Amino acid sequence: MSTETAVDVVMPQMGVSVSEGTITKWLKSEGDQVEADEPLLEISTDKVDTEVPSPATGTLTQIVVQEGETVEVGAKLAQIGGTGSAEPAEAAPAEEAPASATAQAAAESAAASGAEGETPAPEPVAEAPSAAPAPAGDGAADGKSFVSPVVARIASEHGVDPAQVQGTGRGGRVTKKDILGFIEQGAPAAAPEAPPTPPEREPAPTPPAPPPPAPAAEPAVPQPVGAAEGEQFEPMNAMRRGIAEHMRRSLDTAAHVTSAIEVDMSKVVAIRKKLKPEYQKAYGINVTYLAFVARATVETLRDYPWINGEIRGEQIVTRNYVNLGFAVELADGKGLIVPVLKHAEGLNLLGIARGVVDIAQRARDKKLSPDDVQGGTFTITNPGGYGTFHGTPVISQPQAAILGTYAVVKRPWVIEDDRGEDVIAIRPIMNLTLTYDHRLVDGALAGRFLRDLREKLQTWDESAY
Amino acid sequence: MAIREAEPLGSLSEVREAGLDREDLLGIYRNMLVTRGIEERGHILYKQGKIPGSFYTGRGNEASSVGVATALGPDDVGTPLHRDMGVHVTRGVEPWRIFAQYMGRYDGPTHGRDGNVHMADANLGLIAMVSHLPAMLPVAVGCALAFRIRGQDRVAVGWYGEGASARGDTHEAMNFAGVRRLPVVFVCDNNQWAYSTPTHLEYACEHLADRAQGYGFDGVVVDGTDVLAVYREAKRAIEKARNGGGPTLIESLTLRMEGHAVHDDAFYVPKEMFEQWAKSDPIERFRTWLQEHAELTGDEEDGITAGVKKLLNDALSRAEESPLPDPAKLTEGVFATQEDLDTPHHK
Amino acid sequence: MSEKTYLQAISDGLREEMRRDQRVFVIGEDVGVYGGAFKVTLGFQEEFGAWRVIDAPLSETAIVGGCTGAAIMGMRPVAEMQFADFISCAWDQLVTVAAKQRWRAGTPVPITVRLPSGGGFSGGPFHSQNPESSFAHIPGLKVICPATPEDAKGLLASAIQDPNPCLYFEHKHLYRRIKAEVPDERYETPFGKARVHQEGDDLTVITWGAMVYTAEEAAAQLDGDGVSVEILDLRTLIPWDKQAVLESARKTSKVLVLHEDTHTGGFGGEIAATIAEEAFEDLDAPVKRITAPDSPVPFSPPLEKAFIPQVDDVVAGLRDLAEY
């Protein structure tokens, strides 16, 4: 086969236990034309000396390993075709963007309902095994007492301190029976008596109780107190813990400030009315206000790279691409996920509408991959699904800002008529908020961004978008 | 119950008596070319780094493997080994699957789970070999046992090498087969070398076929480079077994013309041995015979050669497109299900 | 229902399979004319003929390899090793060919190998072993260890119909000692489902084969102490009923694994490790194992008694666990 793309010549494995080979003689030189299967070079290994035939037809553009050199099996010896120089630069790895903003319902936006995809666990925090609850005062001479795994679990589930429980196990150990019996009886027992067993008898296994079962980290919490009258307990699941951690960390990291602007959406409404049946018929998708806002946002971000940027150490990172995250609520309000539409800068309105529909569908079908929820550079959230007109979302770290969209509400609005006079009209008005990290983005910049975004939405240019 | 040395087949009429016509002969020739072509191609692929693991061929054994396989009936079964690619080819395994198997691709008969020629298409009556040789001999005997119990006139053929003959499996298999007069034929590929071990360090009798007498059946020594002689002896033995005459041991003499595997350059084989045996290259011999006795023309020959070349080129291209197997499916199929039994995996 | 010994249940079950399925045949040493070393196949050759009850030469490799080939050709062979200990002669055929053929080449190998196993009667090192764990370790083989006559019959029927190589360990010491009710009709007992030999709340014993009865006797003594012992008879090791084991472990939180096979590398290690991995937080005591020690099976009675776990050993182990 003739090749223009590069084909590597590699050191073959001449036998199962052979791990390297030595080039004894090159039969061809750089620049020579070679045919597939034609002998290129001779090698020597522990097992045998042999020729290596060319894997392709083309020019021997580069010899990498010289005569006399020994390399490992599989190492590149030479190249046929291609340019014979450096490899293409690696794309910068996308940053991790774990679960983020406090989005609530996504109503009109294409966001999913009923999706119960998993958030990737937030950055793993070193696990500190929580220490066993305080040593029991059960009479062991050195004050230590072993709590078995099942006793530890039952104790933590019920908020009971094993030290309060009378132990009948070896060495005065609190057994499963003991703690279950204790819980059944309700009130704490009287002060435990010293058991009759010899005090120096150590329980054979070593003390520390195991770490809790959850995969996410468990920060140190105050000792659980028993349930009071009318209270119920339910454990926090991994996603909730992840969200809690992220929200706290985001607020502690960024200097959150929010600016708001009102947008007259009448032009968008009109265009959408026109496009909606068209898109439904031709592409089978529903185009939403969110798609319009997203498209205008991506366009505006071109002029405001810091708002699409990030603080990394002492550097400010900006990009020539926009990976747009959309906050999606999960079923029963049990959590949220932020799938990312990659390279949104290359999509027009149709492309973005499609992308949003696809993401929502996959979130609904629980088909999001870890890649789908990483690498975002800017996020849009729609807290307005339930009719609210304002909010202050939390930025998704390590991004610099998050755009909130709210309900489109028909309002009496002052406009100028053709004669230049003020009149009142009914206009569909949407509030937009930009919550930004004031360490990087100043109020003026945010204001200008919102002004430009509004401009684009109010004067929507169909041909451009 | 003595051993015999087989005489070569002289003429076309003798061949007809043995049940082959001219078309059959050209088919045999073609199968030998395909066999060698696959293995030569495999060597190149291996050195290009496209075949993982190790690589074994049976250069010099084409007549022996194709000859025996040609004598098998359609419902007969066999357990060929790594020098017996000709058996797979003759029974109809598609070359592209063989290349895919070599390269560990999904479309090989074992879907990448085993390599080399550790493969077989059960629908063609072949059972996949293992490395512990000759563990397949008791299995071949077991097939014959099933035929005997059910009263079917089918025959099993078990292959082994002169090296493997030193292991107990050979003894137990042959003994059992002889005691019960089972319809099985044992074919010993005696290619003079077991890796670097010559025959005099593997066995102490003059011919391995001598041992047949010890098990109560006949042995025959045949020139393994003479495909027609091999065919005739195999046919005799197979039909004898089919008719209730019990087992036969065929010792087929060849020289292993390459190393034990591609990583072995066989330095321990005296050059003169290679030179001597090269003179009776099985394919060359048969081509000459066809020219002399069956009027093989230059055009016919070219046509066959070109056809084989195209077949193998197409096969290789197709195999290279076969995907690598999916690691996620690694532990599937460790245990068989009832459905596996219901799909025709055997005849 | 009829009352049968463990051996009768096996024999009757095998006979029934051979009557209903012409593909089934028996092959082994002395199984034909002699009726088998333990008389499991007494009368079989008279009924089924010499080509379905085959007296093989002294050739475990040829027997097992022969079964493999015949199974590939569509039959359902049942091989008898005269003693389970001789299975090592056929190791290669089982492990190299039979175990791997389905996975590797898509070809099922539906063979059954019957293995009279276990000690307790001065059989010595080569007539008393329980070589179950080495085979449990090889992917592709199934390992079956019935304890009751009812299970012996049902598990044998399942083994013969199973499309995989099945190693059926019939405990010699149970052959005539154990008698119980066995259904008259044909039934197949599923693999991978443990049987609750007796229910309990305080301790769990996981065991199989002859040790089920040792556990039962020991548990009766703990009953007197007011400790209630649950006994789970695994019935099959590959596949094994992980779910039932974990459920019982979670219920009592104190587990003893008991087997007659030797300690290191015995199947009890697999069970204990699994409980530790998956029910760690339900344990109120470490998982204990009571097994034979790491030596060949001795001959002289006092030695053999020290080797095979006795009722007293199990009682002591259970008491220890109860007090923990």
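Across the interface of chain C and chain B, 17 residue pairs are in polar contact, both partners at pLDDT 80 or more (N or O atoms within 3.5 Å; within protein, one must be able to donate a hydrogen and the other to accept it, and residues adjacent in sequence count only if both atoms are side-chain atoms). The model is a predicted one, with local features needing pLDDT of at least 70, side-chain atom pairs counting only at pLDDT 80 or more, and totals for chains, interfaces and linings using all residues. Residues are numbered from 1 along each chain as its sequence is written, chains are lettered from A and ligands numbered from 1 in the order in which they are written, and side-chain values rest on heavy atoms, with hydrogens and water left out.

On the chain C side, two or more residues each come from strands S2 (24-28) and S3 (53-55) and from helices H3 (60-72), H4 (91-98) and H5 (101-105) (helices, H or I, of at least four residues and strands, E, of at least two are DSSP runs, numbered from the N terminus). H3(C) gives the largest share, nine residues. By class, this side splits into 20 nonpolar, 15 polar and eight charged residues (Ala, Val, Leu, Ile, Met, Phe, Trp, Tyr, Cys and Pro count as nonpolar, Asp, Glu, Lys and Arg as charged, and the others, Gly among them, as polar). In total, 43 residues of chain C and 43 residues of chain B take part in the contact (heavy atoms within 4.5 Å). About 3800 Å² is buried between the two chains, 65% of it on carbon and sulfur atoms (buried area is the accessible area, 1.4 Å probe, that two parts lose on being put together, summed over both). Arg167(B) and Asp92(C) form a salt bridge, with the closest N and O atoms 3.7 Å apart.

Chain C also meets chain A, with 16 residues from chain A and 14 residues from chain C in the contact. Here the buried area is about 1200 Å², and carbon and sulfur atoms give 42% of that. Helices H1 (149-158) and H2 (176-185) of chain A each supply at least two residues to the side touching chain C, and H1(A) has the largest share with four residues.

Turning to the rings, the structure holds 21 aromatic pairs over all chains (rings of Phe, Tyr and Trp, its six-membered ring, with centres within 6.5 Å; planes under 30 degrees apart count as stacked, over 60 as edge-to-face and the rest as tilted). Tyr29(B) and Phe286(B) have ring centres 6.4 Å apart and planes at 55°, so the pair is tilted. Tyr29(B) sits in helix H2 (residues 22-47) of chain B and Phe286(B) in helix H11 (residues 282-293) of chain B, so the pair ties together parts 257 residues apart in sequence. Tyr29(B) is buried at a relative accessible area of 0% (buried means under 20%, exposed over 50%, partly exposed in between; 1.4 Å probe, protein chains only), and Phe286(B) is buried at 3%.

Definitions and conventions
A salt bridge is a side-chain nitrogen of Lys or Arg within 4 Å of a carboxyl oxygen of Asp or Glu.
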